[in-house]
Amino acid sequence: MSRMQNAVIASVKTALGWVPAQWLPGGTPDPLIGRSAAIGRQDNRLDGPAKVGGLARFSAEVPLQRLSYAALVYSSIVRGRITRLDTAAAEATPGVILVMTHRNMPRIGLVPLIGVTDLSAVGNSSLPILQDATIRYNGQVVAAVVAETQEQADHAASLIEIDYAAEPGKTRFEEAKTDARTPASILIEKNHVSVGNAERELAAAAHRVDNVYRTPGQNHNAIELHAVTVAWDGDSLVVHDTIQMVASSAKALAKLFGLKKDKVRVLSPFVGGGFGGKGLWDHQVVAVAAAKLAGRPLRLVLSREGVYRIVGGRSPSEQRVALGADADGRFTAIVHTGYSIMPPHGACPEQYSLCTRALYRSKSFEILQRHLDLDIVPNTYMRAPGEAIGTFAVECAVDELAHEMGIDPIELRRRNEPDRHPIHGSPFSQRALIQAYEQGAARFGWVRRQAEPGTLRDGEWRIGLGCASGSFPYARMPGANVRLTLRSDGSATIASSAQEMGMGTATVQVQHAADRLGLPVEAIGFELGDSALPAGPMAGGSSQTVSLAAAIMAASEKLTAELLRLAGNDSPLAGLRAGDVRLLDGGIGAIEDPSRHESYRSILARAARDEIVVDAAGSAPLEMLKFAMHSSSAIFCEVRVSDVTGEIRVERMLGSFDCGTILNPKTAASQFRGGMIMGLGLALTEETLFDERSGRIMNATLADYHIPVHLDVPEIEVMWTGIADPRSPLGARGIGEIGITGVGAAIANAVFNATGKRVRELPITLDKLL
Amino acid sequence: MAIRINGQEVAAPQDARVSLLDLLREQLHLTGTKVGCNQGACGACTVLVDGARVLSCLTLAAQADGRSVTTIEGLGSAEAPHPLQSAFIAHDGFQCGYCTPGQICAAAAMLREIAAGVPSYVTADLTAPALPTRDEIRERMSGNLCRCGAHNGIVDAILRVAEEQAA
């Protein structure tokens, strides 16, 4: 994330700006757009029977002979040194195999931090793991106990005595502002954007709002705990993990423990919820090292408290958003600046300003993020990092400006809808946000909304309607590989190390492959979650589906060439080139002459081949640099707020999405709803309570950190434009994270419409309304 | 004495600290029962003890001595799935699938609670029979957390089964 990186990306973007679109990936729309059969069907999840039967085996459920169990001990101070560490009582406890501390932990290097350049760098923290007596944050792992049973390990861990010499630590958000750092870039975007003179335009604007919005820390809280089952065999290592980055995690562990890449195998066929939290953290490293020392296979399941202690969540933020508009409501100034935490030993900026760059046109912009350095567990990406809380600030501000001007907030957005990327000037690949608003508003009954807050009532309940835009950038990961095996019986298997954590990865890619290869879905298998398979992309940035799709596209092109070669001169296809044919009806046929067709079975039989195997990687994702590509949404919500108690109930929510082709309406609707429900939690209940005095998270349980429960969740309607993106594989864009964006603001705006009270600090709890 | 688990007699564990959850998962490898918090806050470990829903993480295995335990593996099978299992698939009542066995076990017992006339926080008329309405189901299933956000599908699936049972 450097100035050099800014320069490189800027020059690539400039160069690509001159390259004709048809030379780039996505230059010619994917031929499957508009020609699909299995794609777009509401297929049930392929892994459904295993999941509802309790037969899907997660990482803590792999049975191994001579398995041992580990428990961790966490520091109770922020900074300082361990001065006394007494493990004797623990070691003397029945069943204990060993206690591992910094004294006997094997010496290893630092975990390479996740970044945009090195795909094997997937660490969330570059702090040393059990390498010295230094404490660097409250909750750091200080010891691991390995025992015959979990009960023995847990008990022994409670017997370890530690004295610390504490030193002052940095734990206060406000105080850290004096040393705030200004990074050169935020992911692949230049951090500081200054177009025109936004402060001057703001001062001169006919209408303006200028406010500060605060969002708290949040934790992913996947229901499955972080867990590994580890087994060494000589210098080979097998790690059963629950992780969103199978291939790169295997590479990182190999590097860390000095093993050859092919000696480390990470298996993760199911991930029990990820949301950004299931990455490479300290516990995998500790488990691998402890299993080595113990000479036994080992299982480490973090306690729920343990997940809070050593797995970071979403950073808190303080954001200033100011909007200036002329008399007609056209934006003359957009200012979005703020602070979030990102210690130097962390890797993940909370990119709350990225949405602001793409949502509206404006005469001037001033955008800048500053990072605070605190002594805490490093924050990481959590569903729609940045956009989830950035849209809260910006979309509340738009609502506030609309109220100030006395116009409908949808109309204000319409007046500021950009026709190209407002900062880069690049064309949108496809964007129909206004259409999403129109369709959503009609379906939701937006006309019921009264401009004057507090107008609608039902007994003690005030009723309010609100809306907001959501936005999330399209991403396709480089280095996505698949292996395509086509067999003589007309079946095919796609294999990639990719991840399944509820998105329906296999289900949707099987639908895709069916159409791509011209086979029924029943003839196609999909293998994933194993680093021994060709390296897939990570599950992050809402990018896995298109990343895999591009790799399958590339594989089908290779397969086509191989089939034509094998078909030879005795085939009805003789003389045809790759560009003349397509895969359909269980074989390969001429595009111009449907009578010229030969089945896979026939070609393979004549060639005396049992199977054809091709490995392929997706093309470089240059389309995302040439075009402005974003999923976007219009979120509508209706709340009721009690006059008596301040209680807030979300009565209805509707999400109207513009995300390209929807590949499976059933699984896609679940992704959209799931994001919106996490947005409901973000708006109303979720907050990681960080005690700035002790530097400790105080609500490290699911009883005290409130995620939405069934009674909190209303029926949620989702709809979409379904307009294909001509620049992406299958015409699809990401759908996993867009759902949460905009929801915080839509609910806050509805609460304002109900009560006339503007709450700019999340979560909107009832005490803020009384 | 012994614990009857999915119809099989199992001896209670030697170590008195072993929870019913850990007996199922670590000793019997019945890993369909999940662990999300180990402190009774998430519902992922829900099993049926003598037909009633119980959080197996807060139940010592010894407490189940002499009782009959049904886990997700005993509720239905791949060949003969429980109606709730089929309905969860049809209504996409899960994504990652981790809270799912607990949701299904809880739902099976919950429908029996409604049928037995047990009221809930949202039951408007305590003198009338409770009905498996959407609100009743939402309230009564609130002890089972889902982070993927499959709530709508879960409630739809349970409603469908309740309707089928009523028919």
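1. How many salt bridges does the rule find across the interface of chain B and chain A? In this predicted model, the count across that interface is 6 salt bridges. One salt bridge between the chains joins A:Glu61 to B:Lys34, whose closest N and O atoms are 2.9 Å apart.

2. As for the extent of the interface, 59 residues of chain A are in contact with 53 residues of chain B, and the two chains bury about 4,400 Å² between them, with 57% of that area on carbon and sulfur atoms. Of the area that chain B buries against chain A, 19% is supplied by B:Gln95, B:Arg147 and B:Asn152, which is more than any other three residues supply.

3. Between chain B and chain A, 25 residue pairs are in polar contact, both residues being at pLDDT 80 or more. Several helices of chain B, including α4 (100-115) and α6 (151-166), each supply at least two residues of the side that touches chain A, and the residues of that side divide into 24 nonpolar, 16 polar and 13 charged.

4. Within chain A, 7 strands form an open sheet of mixed pairing, in the order β3-β5-β1-β14-β11-β12-β13. Because β3 (96-100) and β13 (264-267) of chain A stand at the edges with a single partner strand each, one side of each is left without a neighbour in the sheet. Strands β11 (residues 227-233) and β12 (residues 236-240) of chain A pair in the antiparallel sense over 5 bridges, and here A:Thr229 stands opposite A:His240.

5. Helix α8 (residues 282-294) of chain A packs on this sheet, its direction making about 35 degrees with that of β11(A), whereas helix α4 (residues 150-157) of chain A lies across β1, β3 and β5 of chain A and runs at about 25 degrees to β1(A).

Note on methods:
Residues are numbered from 1 along each chain as its sequence is written. Chains are lettered from A and ligands numbered from 1 in the order in which they are written. This is a predicted model: local features need pLDDT of at least 70, side-chain atom pairs count only at pLDDT 80 or more; totals for chains, interfaces and linings use all residues. Side-chain values use heavy atoms; hydrogens and water are left out. Two strands pair if DSSP finds at least two bridges between them. Helices (H or I, at least four residues) and strands (E, at least two) are DSSP runs, numbered from the N terminus. Contact means heavy atoms within 4.5 Å. Axes are lines fitted to C-alpha atoms, for helices over the stretch in contact, and angles run from 0 to 180 degrees between N-to-C directions. Buried area is the accessible area (1.4 Å probe) that two parts lose on being put together, summed over both. A salt bridge is a side-chain nitrogen of Lys or Arg within 4 Å of a carboxyl oxygen of Asp or Glu. A polar contact is a pair of N or O atoms within 3.5 Å; within protein, one must be able to donate a hydrogen and the other to accept it, and residues adjacent in sequence count only if both atoms are side-chain atoms. Ala, Val, Leu, Ile, Met, Phe, Trp, Tyr, Cys and Pro count as nonpolar, Asp, Glu, Lys and Arg as charged, and the others, Gly among them, as polar.
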